[in-house]
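Biologist: I have a model open and would like to learn how to read it. Can we go through it feature by feature?

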Amino acid sequence: VLLGSPDIARLTALDDYVLWLLGRSLAASGKDAEAMATLDRMITEFPDSIRVDDAHLKWAESATRAGQHAKAIQRLAPLAAADNGAALLLTAKAHEAGGDQAAALRFYRKAYFRGAGSEA
């Protein structure tokens, strides 16, 4: 309730953080459509935020769970092209959830080799 309050934007300069935190919370509670909308708003309104890459990742996780595999893959494409280990792993999972085992295997391999040293 507090994170959704309009007073946060009026009283603080933490708008991007609040939207990011709210989106993560919604995703963690399984409210994927709401999480995607909130994270998309954060990404659109604060493209220079230090949390924008994580917002893309969380958005893609929610989209994959919601059955929107192609949208998740498309959203992750720029991060995956930059060899972001988490994006490569999520792209593999989205392909796998969408039934494309060959692409999933290709991205799992990329995550293993190019994401070395990352949490992914």
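**Reading a helical model**

Modeller: Start with a caution. This is a predicted model. Now go from the overall fold down to single residues.

Biologist: How many helices and strands does the protein have?

Modeller: There are seven helices and zero strands. Along the sequence the pattern reads α-α-α-α-α-α-α.

Biologist: What share of the residues counts as buried?

Modeller: Of the 120 residues, 37% are buried. Among contacts with a separation of 6 or more, 37% join residues 24 or more positions apart.

Biologist: Which residues have the most contacts inside the largest nonpolar core?

Modeller: They are Met42, Ala55, Leu57, Leu76 and Ala87, in a core of 23 residues. Next, ask which helices supply it. At least two residues come from each of α2 (15–28), α3 (32–45), α4 (52–65), α5 (69–81), α6 (85–97) and α7 (101–114). The most come from α4, which gives six.

Biologist: Now α4. How does its reach compare with the span expected at 1.5 Å a residue?

Modeller: The 14 residues of α4 reach 20 Å from first C-alpha to last, close to the expected 20 Å.

Biologist: Is α4 mostly covered or mostly open?

Modeller: Mostly covered. In α4, 10 of 14 residues are buried. The buried set is Val52, Ala55, His56, Leu57, Lys58, Trp59, Ala60, Ser62, Ala63 and Thr64. These buried residues pack against α2, α3, α5 and α6.

Biologist: What happens just after α4?

Modeller: Check the backbone there. Gly67 takes a positive phi of about 85°.

Biologist: How should I describe two packed helices?

Modeller: Use the angle between their axes and the distance between the axes. Take α2 and α4. Their axes are 10 Å apart, and they pack at about 25°. The pair therefore counts as roughly parallel, since the cut-off is an angle under 35 degrees. Their crossing is left-handed.

Biologist: Which residues meet between α2 and α4?

Modeller: From α2, the residues are Trp20, Arg24 and Ala27. From α4, they are Asp54, Ala55, Lys58, Ser62 and Arg65.

Biologist: And α4 with α6: at what angle do the axes cross?

Modeller: At roughly 10°, with the axes coming within 10 Å. So α4 is roughly parallel to α6 as well. Leu57, Glu61 and Thr64 in α4 meet Ala86, Ala87, Leu90, Lys93, Ala94 and Ala97 in α6.

Biologist: What does α6 look like on its own? Which of its residues are buried?

Modeller: First the length. The 13 residues of α6 reach 18 Å from first C-alpha to last, close to the 18 Å expected. Then the burial. Gly85, Ala87, Leu88, Leu90, Thr91, Ala92, Ala94 and His95 are buried. The buried residues of α6 pack against α4, α5 and α7.

Biologist: Loops next. Where is Asp83 found?

Modeller: In the loop between α5 and α6. Look at its backbone. Asp83 has a positive phi of about 60°, although it is not a glycine. At 32% relative accessibility, Asp83 counts as partly exposed.

Biologist: Last one. Is Arg109 buried or exposed?

Modeller: Exposed, because its relative accessible area is 51% and the cut-off is over 50%. Arg109 lies in α7.

Biologist: How far apart are Arg109 and Ala92 in space?

Modeller: They are 8.9 Å apart, C-alpha to C-alpha. In sequence, Arg109 and Ala92 are 17 residues apart. Ala92 is one of the buried residues of α6.

Definitions and conventions: Residues are numbered from 1 along each chain as its sequence is written. This is a predicted model: local features need pLDDT of at least 70, side-chain atom pairs count only at pLDDT 80 or more; totals for chains, interfaces and linings use all residues. Side-chain values use heavy atoms; hydrogens and water are left out. A nonpolar core is a set of buried Ala, Val, Leu, Ile, Met, Phe, Trp, Tyr and Cys residues joined through side-chain atoms within 4.5 Å. Buried means under 20% relative accessible area, exposed over 50%, partly exposed in between (1.4 Å probe, protein chains only). Helices (H or I, at least four residues) and strands (E, at least two) are DSSP runs, numbered from the N terminus. The expected span of a helix is 1.5 Å times one less than its number of residues. Contact means heavy atoms within 4.5 Å. Axes are lines fitted to C-alpha atoms, for helices over the stretch in contact, and angles run from 0 to 180 degrees between N-to-C directions. Angles under 35 degrees count as roughly parallel, over 145 as roughly antiparallel, 65 to 115 as roughly perpendicular and the rest as oblique. A crossing is left-handed if the near helix is turned anticlockwise from the far one by less than a right angle, and right-handed if clockwise.
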